[in-house]
Number of protein chains: 2
Amino acid sequence: MAMALVRSPSSAPEFPGRQLARLERPLRLHRGGVIEQPVVAHETWGRLNAARDNTVLLFTGLSPPAHAASSPADPKPGWWESMIGEGKPIDTRRYFVVCVNSLGSPYGSSSPASIDPRTGRPYGISFPELSVEDIATAGHEALRTLGIERVAAVIGPSLGGMTVLAYCALFPDEVDSVVTISGAARANPFAIALRSLQREMVRSDPAWRGGSYEPGRGPRLGLRLARKLGTITYRSADEWNERFGRRRVPETAGIAGDFRPQFEVEAYLEHQAQRFADLFDANAYLYLSRAMDNFDLADHGGGSLAAAFAKFKVRRALVIGVETDMLFPVDQQREIADHLRAAGRARVEYHAFPSLQGHDAFLVDLARFEPAIGEFLK
Amino acid sequence: MAMALVRSPSSAPEFPGRQLARLERPLRLHRGGVIEQPVVAHETWGRLNAARDNTVLLFTGLSPPAHAASSPADPKPGWWESMIGEGKPIDTRRYFVVCVNSLGSPYGSSSPASIDPRTGRPYGISFPELSVEDIATAGHEALRTLGIERVAAVIGPSLGGMTVLAYCALFPDEVDSVVTISGAARANPFAIALRSLQREMVRSDPAWRGGSYEPGRGPRLGLRLARKLGTITYRSADEWNERFGRRRVPETAGIAGDFRPQFEVEAYLEHQAQRFADLFDANAYLYLSRAMDNFDLADHGGGSLAAAFAKFKVRRALVIGVETDMLFPVDQQREIADHLRAAGRARVEYHAFPSLQGHDAFLVDLARFEPAIGEFLK
């Protein structure tokens, strides 16, 4: 039986709305390395206007695909379903919305899980070192294939929030407005420590095999554990006090020597972890995770964040943070807003929301996020 | 070659100051189960007075041994060296200090790592289910072997803070004052989630072998990973911003596909993890960790925390929390203080320290902890 050469997890999702931008030239990466025949998956909503100046470019967090909202081609709800559409905060009657699948992510763009055209095999860990700047550049090149040279706004949460900052530093003349949500100008050591441990869980799973696992036979255990830690850090203790308290899963009594889940919160973690391990590629996870650690916008200002932000030419900026976010703490959002203000070019709007849902609030606390983003884009 | 029947990790520490209280009767545990020929390791400082009323009983966190301070028998510094001794906050000119090695801990007390007298082999996971109440009771019974029927104060940080609450509920007539530091009246779902994941890391290590590993050949990888997560949650993001920032380990350049530590914070985690895996027994870790999840002081008040606290008869209480503690958050300390005040019997002193060191502050921010505890015990 011939083995399929596409490295797909056990239940790879299908994205009928997905488009693949096949870039004409090799992609030179920020830290050296080249991707031959690069592909950037994306989805779009709304229409590009005649002036080609109504594009909203959306970058994602670490794990979501480009399917941010439903469309005629793919009616499944997306991860920001209530945010994008006709009459919604990112209004597709006015804007042409492009959501990019991050370079390095396994959902269609060139990544450790995609085929290296030089070998006909998945890249695996022969994929060159990935930077947040490369994700920004890949999005930029995808827009070029669509004939777009300038964006009305670039928006991103989490890793996407880092990516929009890289985008503004790399392409300062091509962005009118920027929206950064629970992002960071650089990773702090607490977040680095958490991601380092997540990567070690993946790498410690014997099924990782130094990165050379067979398609569909990756380190599922390691991914499950890593995602549990992710889920813990994406929410907040206060939310879980309300949501789970100390309620127990009924069927599991306490048995000495039996350490299986007894509390509802443990069952919830398990559910989230299984879902992620079903979908995500382990090497892609490692690359994206490390790219977040290494991101430092100050690299674009000779080591100075202020100098890097001074390069930005955006006219308006919306910076949103969440007080209960432990992964991208609100201090890091204020830092972005303060630097943008100090640079003096942009009109800066800053919100620190008291949402209970921590880093994930932008997916959940839509009563706060929708009006803020809707007003900004009006 | 005969195999040693003592389940000792690779570099088991020696405690020349350690005393072993061998209890006369079997220990009946809180959730059923019995320990035959129970042993409670402990160390002491100072002298019991003629009235036998000057004892300070100290319970520990999850991982430290009873060696809280140096002594003539063991001059190595203990984990609270600056807190215990002549003229120190817990002044041994006045008090007789007893620090108890928790039941279930591998440092000398009966535990999954100790020998089951019925089989001549280590208990492993045949050890009965452990509760925080059992740790309190074991400490109480150890005092009985020393001829002590009442304590001037019972003190504990972290797991020890839970233990002192259990002690006051179980033995209300035998405690004059209580000091709880970064403890909890019951585990919250965020802490349960973290400990559940830590246990899963240990259990997922093939070397755990369902709990039946050979002495010295336990799941070192799982313990290392679990301790890394512990270390992350014992400190605070703000402390690490100051202490590590984004400094890199010099010799590790970024190589694609090489995910070894590059940042100083990663090297620090590795050092802490190695040290713990050298010392601690995996099954003991699982039992103590699960005991913390299951602890709920409300069990002593028919499901009501207020009713449980109403049983306390302490005359004075000192409750200390740390604002940056994510594992035993300061809200949980205020909850203890509020309940003690509402119960109306004790004079309650409450501090929420702004220490940067999170849950570990009681070990580090001694400039705040020493005067607070010293004044209280005067």
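**Close-up views of the predicted model**

**View 1. The contact between chain A and chain B.** In this predicted model, 49 residues of chain A are in contact with 49 residues of chain B. Helices H3 (189-204), H4 (220-234), H5 (237-243), H6 (264-279) and H7 (282-294) of chain A each give two or more residues to the side that touches chain B. H3(A) provides the largest share, 12 residues. By residue class, this side of chain A consists of 26 nonpolar, 11 polar and 12 charged residues.

**View 2. Helix H7 of chain A.** 13 of the 13 residues of H7(A) are buried, so the helix is largely enclosed by the rest of the structure. At 1.5 Å a residue, H7(A) should span 18 Å, and its end C-alpha atoms are 19 Å apart, which agrees.

**View 3. The open sheet of chain A.** The sheet has 8 strands in the order E1-E4-E8-E5-E11-E12-E13-E14, with mixed pairing. Strands E1 (19-22) and E14 (347-353) of chain A are at the edges, each pairing on one side only. From one strand to the next, the twist averages 20°. Helix H9 (residues 330-343) of chain A lies across strands E12 (175-181), E13 (316-322) and E14, and runs at about 165° to E13(A).

**View 4. The E4-E8 pair of chain A.** Strands E4 (residues 39-45) and E8 (residues 96-100) run antiparallel and are joined by 4 bridges. A:His42 stands opposite A:Val100 in E8(A).

**View 5. The surroundings of A:Val97.** The largest nonpolar core has 230 residues, of which A:Val97 and B:Val97 touch the most other members. Beyond its neighbours within four places in sequence, A:Val97 is in contact with residues including A:Trp45, A:Val56, A:Leu58, A:Ile84 and A:Ile90.

Methods:
Residues are numbered from 1 along each chain as its sequence is written. Chains are lettered from A and ligands numbered from 1 in the order in which they are written. This is a predicted model: local features need pLDDT of at least 70, side-chain atom pairs count only at pLDDT 80 or more; totals for chains, interfaces and linings use all residues. A nonpolar core is a set of buried Ala, Val, Leu, Ile, Met, Phe, Trp, Tyr and Cys residues joined through C-beta atoms within 7 Å. A residue is buried if 20 or more other C-beta atoms lie within 10 Å of its own, exposed if 12 or fewer, and partly exposed in between; C-beta atoms are placed from the backbone. Two residues are in contact if their C-beta atoms, placed from the backbone, lie within 7 Å. Ala, Val, Leu, Ile, Met, Phe, Trp, Tyr, Cys and Pro count as nonpolar, Asp, Glu, Lys and Arg as charged, and the others, Gly among them, as polar. The expected span of a helix is 1.5 Å times one less than its number of residues. Two strands pair if DSSP finds at least two bridges between them. Axes are lines fitted to C-alpha atoms, for helices over the stretch in contact, and angles run from 0 to 180 degrees between N-to-C directions.
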